[in-house]
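Dear colleague,

I am passing on the structure we spoke about, with sequence and coordinates together. Please look it over first; my notes on what was found follow below.

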Amino acid sequence: SLSFLGVAVSVGFLWLLTIINIFGVKWGGIYAEITTVGKLIPLLIFILAGLAFLDGRNFTPFIPYGFAGITISIPLFFWSYTGFEAIVMPAEEVKNPSFTIPWSMVLTILISILVYTLIAFVFVGMIDWKGFNFQPHDWKAISELSSPLSDVAQIANLPWLSALMVIGAIVATAGSGGSWVLLQGRMPFAMAQDKLFWQKMKQVHPKWGTPVPSLLLTSFLSTLVLLSITDFPSIALIASVTVIVPYAAAVLALLVLRKTKSGIKRPFKLPCAWLISQTGFILATFLIYWAAWPWTMVGILLMLSGYVAFLAVKKHSFEWKRNLWLPVYLFGVLAVSAMGDQSFTFNNFTSFRPLGLLPMPWDLLVLAVFGFGIFEWAYRVNRLYPPTEHTG
């Protein structure tokens, strides 16, 4: 959790990064490249140095908290994989995009999986319970370390690696923050260009060529989040929920666009599209639920508030029949979360606790059937409507 000073520093950095991006995408891009290299090198050094300090006994039992522990950790960690979709943004400026973009996305995900897995493997293997004065396999105590990678390096008598991890953490946080300011500031801009948002958001600064109103709006909203929620896990869970919903819509869109835009040349065509899309949609539904009460509720209410705000902007030609599935989907997942397994709670600030009417695995079975039904409904309705000009 951030202290008052921590929140102040975070907000200050947020607006510093916003100013950098206002002065041009060039500066934001250079900043992103430098910080990307600056965060990968320390992580690779940690992996290589830590291999010499592994203790195999730390990996038994392999799943100490069972399946429930895994499911809660997935959405908590999912946010760290988000952002790969940004690869498609510069598609118009890439040579041979039909080959480069899909394979860049696949390789990005595979590299991320490899790096995260190796970091987790080395970190767990390096834990010296005696050096920390912890009971063996007291994972709750480990979770309370303020700087985990730095702390295990310090206990292993590697002060230089400990210092490097602190520096790497600062660079990584600052780097991802700068990248997200750049990306999120272009979402309202793109929506306004498609006449899906306030038209003021598509204004570009005459000198710097950046969408200043859009950048200011998104950074203002980010500031509100920083001021209202000060603990990191809760923000990570909210971020996961609010990102997963668009991902679910994206896998649905694949099949819809194959139907409504069947004549477009597709140099890269996803194999087993039906199976992958339906499976992805159902897994996304699980992830929203696994974010745990009350953060599933908070994330869904934020998504619904965005839905209402969108209606305020686009009052005409909303096409209710095509879009009604989304609020039904969100309310349905929220209902299952309220009735679901009581183990799915995390930092519960409410007086309500899940009712336990749908314990595992019945909660997942209900969600799978519900998700499949919503997927079929949304697909069958939207395949009948060719995309309008502004959504093409």
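In this predicted model, the largest nonpolar core has 46 residues, and those with the most contacts inside it are Ile 288 and Tyr 329. Two or more residues each come from α3 (66–78), α11 (232–260), α12 (273–290), α13 (295–313), α15 (325–339) and α16 (362–382), with α11 giving the most, 10 residues. Once its neighbours within four places in sequence are left aside, Tyr 329 is in contact with Ala 248, Phe 281, Ala 284, Thr 285, Ile 288, Phe 370 and Ile 374. A second, separate core of 22 residues includes Ile 47, Ala 49, Val 122 and Ile 142.

Helix α1 (residues 4–22) has 19 residues and should span 27 Å at 1.5 Å a residue, which agrees with the 27 Å between its end C-alpha atoms. Its buried residues are Gly 6, Val 7, Val 11, Leu 14, Leu 17, Thr 18, Asn 21 and Ile 22; seen down the axis, they fall within an arc of 150°, so they line one face of α1.

Some backbone details deserve a check, given that most residues other than glycine have a negative phi, and most peptide bonds are trans. The bond from Thr 60 to Pro 61 is cis, with omega near -5°, and Pro 61 sits in the loop between α2 (25–50) and α3. The bond from Trp 293 to Pro 294 is likewise cis, with omega near 5°, in this case with Pro 294 in the loop between α12 and α13. Cys 272, which is not a glycine, has a positive phi of about 50° and is exposed, at 55% relative accessible area.

Best regards

Terms used:
Residues are numbered from 1 along each chain as its sequence is written. This is a predicted model: local features need pLDDT of at least 70, side-chain atom pairs count only at pLDDT 80 or more; totals for chains, interfaces and linings use all residues. Side-chain values use heavy atoms; hydrogens and water are left out. A nonpolar core is a set of buried Ala, Val, Leu, Ile, Met, Phe, Trp, Tyr and Cys residues joined through side-chain atoms within 4.5 Å. Buried means under 20% relative accessible area, exposed over 50%, partly exposed in between (1.4 Å probe, protein chains only). Helices (H or I, at least four residues) and strands (E, at least two) are DSSP runs, numbered from the N terminus. Contact means heavy atoms within 4.5 Å. The expected span of a helix is 1.5 Å times one less than its number of residues. The arc is that of the directions from the helix axis to the C-beta atoms.
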